[in-house]
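Grab a pencil and take a look at the protein below. We'll work through some exercises together, one step at a time.

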Amino acid sequence: MKKMNASTTVELAAYRWEIASRALLAIVGGYAISALYAASFSLTFPSYKVQAVLGATMFSFTVYCVVVIWAFSARSLARAWLVAGMMAAVPAIHMLLAWSA
């Protein structure tokens with residue numbers, strides 16, 4: 001069995017923290033972003049409230065899948081979090097503008 005030196009242990013720990021951060025982004029961030037999109041789109045759809053909420057909820061499942069895929073396919077961890085933050089900013093700004101009007 002190969003012995004691990006200090007640098008290998010540090011690299012392994014850094015890799016594990018990166019995977020944990022991507023998993024956190026995928027699970028918690030994906031849920032938060034999809035909830036923002038569902039709330040934002042339910043305010044946007046020009047139909048009955050029930051249909052608007054149902055359509056927005058169905059769309060939010062797609063958003064969740066996109067965030068999960070993006071969290072693990074981005075080249076860097078910083079890029080994954082940056083794009084997720086920008087994705088969350090769009091519906092958040094829309095809801096702030098819609099509620100303030």
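This is a predicted model: local features need pLDDT of at least 70, side-chain atom pairs count only at pLDDT 80 or more; totals for chains, interfaces and linings use all residues.

Residues are numbered from 1 along each chain as its sequence is written, and side-chain values use heavy atoms, leaving out hydrogens and water.

**Exercise 1. Describe the overall build of the chain.**

Step 1: Start with the elements. The chain has 3 helices and 0 strands (DSSP runs numbered from the N terminus: helices are H or I with at least four residues, strands are E with at least two). From the N terminus on, that reads α-α-α.

Step 2: Check the dimensions. The C-alpha trace spans about 65 × 25 × 15 Å along its principal axes. The radius of gyration is 18 Å, whereas a compact globule of 101 residues would be near 13 Å (taken over C-alpha atoms; the globule rule is 2.2 Å times the number of residues to the power 0.38).

Step 3: Look at burial and surface. Of the 101 residues, 25% are buried (buried is under 20% relative accessible area, exposed is over 50%, partly exposed is in between, using a 1.4 Å probe and protein chains only). The accessible surface is about 7300 Å², and carbon and sulfur atoms own 75% of that (Shrake-Rupley method, 1.4 Å probe; for residues, only the protein chains shown count as cover).

Step 4: Count contacts. Take those between residues at least 6 apart in sequence: 73% of them join residues at least 24 apart (contact means heavy atoms within 4.5 Å).

**Exercise 2. Find the salt bridge and work out how its partners are placed.**

Step 1: The structure holds 1 salt bridge (a side-chain nitrogen of Lys or Arg within 4 Å of a carboxyl oxygen of Asp or Glu). Side chains of opposite charge can pair when their charged atoms come close.

Step 2: The partners are Arg22 and Glu18, at 3.1 Å from N to O. Because they sit 4 residues apart in helix α1, about one helical turn separates them.

Step 3: Compare their cover. Arg22 counts as buried at 5% relative accessibility, while Glu18 counts as partly exposed at 28%.

**Exercise 3. Which residues make the nonpolar surface patch, and where do they sit?**

Step 1: Leu12, Tyr15, Ile19 and Phe72 make a patch of about 370 Å² (patch residues have over 30% relative accessible area and no salt bridge; like charges are joined within 9 Å, nonpolar side chains, namely Val, Leu, Ile, Met, Phe, Trp and Tyr, within 5 Å).

Step 2: Helix α1 (residues 6-44) gives the largest share, 3 residues.

Step 3: Phe72 belongs to helix α2 (residues 49-73), and is partly exposed, with a relative accessible area of 45%.
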